[in-house]
Amino acid sequence: MSLDWISRAERLSALPPYVFARLDELKARAREQGLDLIDLGMGNPDGAAPQPVIDAAIAALNNPSNHGYPPFEGTTSFRASITTWYQRCYGVELNPESEALPLIGSKEGLGHLALAYVNPGDTILVPTPSYPAHFRGPLIAGAEIYPIHLSAAQNWLIDLSSIPEDVARKAKILYFNYPNNPTTATAPREFYEEIVEFARHYEILLVHDLCYAELAFDGYQPTSLLEIPGAKEIGVEFHTLSKTYNMAGWRVGFVVGNSDIIQGLRTLKTNLDYGIFSAIQKAAETALQLPDEYIKEVQQRYSKRRDFLIKGLAELGWSIPPSKATMYLWIETPVGQGSTEFALDVLQKTGIVMTPGNAFGEAGEGYVRISLIANCDRLGEVIKRLKQAGIRYQ
Ligand SMILES: *Cc1c(COP(=O)(O)O)cnc(C)c1O
């Protein structure tokens, strides 16, 4: 039954339709037909969190003092473990009281940051394609999004000189993310230096999403925004435990950087949520203290899958350079086929779920994203089915 006496807030109608909805519908239908789906659509890591993390969570659950409301700003010990981790990984000194804030997953913080800083009509710079929360949060807050078009020709790097002077002058926030979801692109250190200079010159709040901080391969080490001198005066960086530690369902991440900006987000959050269950904060703390061997194992797992799938797809006509980071392949659709059309065709013929690139914004058209969230046996089955269905790049 549809209600005609009450209408939804306009901020909801500002959102573009969710491309995933159509895909979900077809997934449900394919399942009904008994098709064995291989879902490589979402960036949802397979497998359990590391055993020490699970053990820490169980021990924390058995302690009744963790069962009440957690402190608004996160537990003291989790905040301390965040700044210690940051120092260890990037050599950057942060104040655990004011420059680190735990989040109920980074998506929560990315969205709420927009509510804390965006007024209706404000200009917000967001690359296209990008992780949907980077534009959906600002849209809910009433932003005018200025899309910065990324392209393969420029290695999916933001070209700051493409932003018109008048747009740069009025822009309030710039969201960006390297290693990048969905394109898998990485950015050299000089790029970070340029973007910090740009943001300082035009007084723009920089929001960097470093959620693939550890999912980097072949010796590549991603740069943190806060390593760049002056970045902490204008920027914040978001991190998550979802990807590296297989903790997507636990809902825990954090933001670090400028204390004023973090204070604004904290003020908003104090009015909307109570933070993260203390037992989960204990577990997250344990995750950040895991030895480097754990990270190496994760990196090997994903780089092995990457290489396996790239090799298989090469037999089907795709030539994909090995990505230096993330848990995805970003591949071109065959000539003449749009993202959605190709993803739906593959799903119907093979039961394999890929994400149409246009789900990440209009500049993602012509691509699909494949998540490396299945083991090589299963990925072998993917290649076999594509072959049998005659799906090739041409
Ligand atoms: C997966 C992902 C996140 C993670 O969000 P959580 O809410 O912490 O699970 C954030 N940003 C990007 C770019 C992602 O791909």
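Let me start with strands S9 and S12. S12 covers residues 367–371, and five bridges join S9 to S12, the two running antiparallel. Strands here are DSSP runs of E, at least two residues; helices are runs of H or I, at least four residues; both are numbered from the N terminus. Trp-330 stands opposite Arg-369 in S12. Helix H11, residues 292–314, packs on this sheet and touches S9 and S12. The direction of H11 makes about 20° with that of S9. Helix H12, residues 339–350, also packs on the sheet, touching S11 and S12. Its direction makes about 45° with that of S12. Touching means contact, that is, heavy atoms within 4.5 Å. For angles, axes are lines fitted to C-alpha atoms, for helices over the stretch in contact, and the range is 0 to 180 degrees between N-to-C directions.

A word on the model. It is predicted: local features need pLDDT of at least 70, side-chain atom pairs count only at pLDDT 80 or more, and totals for chains, interfaces and linings use all residues. Residues are numbered from 1 along each chain as its sequence is written, and side-chain values use heavy atoms, with hydrogens and water left out.

Back to the sheet. The order is S9-S12-S11, open, three strands, antiparallel pairing. S9 (328–332) and S11 (355–356) are at the edges with a single partner strand each, so one side of each has no neighbour in the sheet. Pairing requires at least two DSSP bridges between two strands.

Next, the other sheet. It is open, with seven strands in the order S2-S8-S7-S6-S5-S3-S4 and mixed pairing. The edge strands are S2 (100–103) and S4 (144–149), each pairing on one side only. Neighbouring strands are turned by 20° against each other on average, direction ignored. Four bridges join S2 to S8 (residues 253–257), and these two run antiparallel. Ala-100 has Val-256 in S8 as its bridge partner. S3 and S4 pair in the parallel sense, over six bridges. There, Leu-125 is partnered by Tyr-146 in S4.

Is S3 enclosed or open to the outside? Six of its six residues are buried, so S3 is largely enclosed by the rest of the structure. Buried means under 20% relative accessible area, exposed over 50%, partly exposed in between, with a 1.4 Å probe and protein chains only. Thr-123, Leu-125 and Pro-127 point one way from S3; Ile-124, Val-126 and Thr-128 point the other way.

Now helix H8, residues 189–202. Its 14 residues should span 20 Å at 1.5 Å a residue, and its end C-alpha atoms are 20 Å apart, which agrees. The expected span is 1.5 Å times one less than the number of residues. Buried residues of H8 include Phe-191, Tyr-192 and Ile-195. Down the axis, the buried residues of H8 fall within an arc of 160°, so they line one face. That arc is taken from the directions from the helix axis to the C-beta atoms. The face turned away carries exposed Glu-197 and His-201. H8 lies across S3, S5 and S6, at about 165° to S5. Just after H8, Glu-203 takes a positive phi of about 50°.

Finally, the whole protein. It has 13 helices and twelve strands. Buried residues make up 55% of the 394 residues. The C-alpha trace spans about 55 × 55 × 55 Å along its principal axes.
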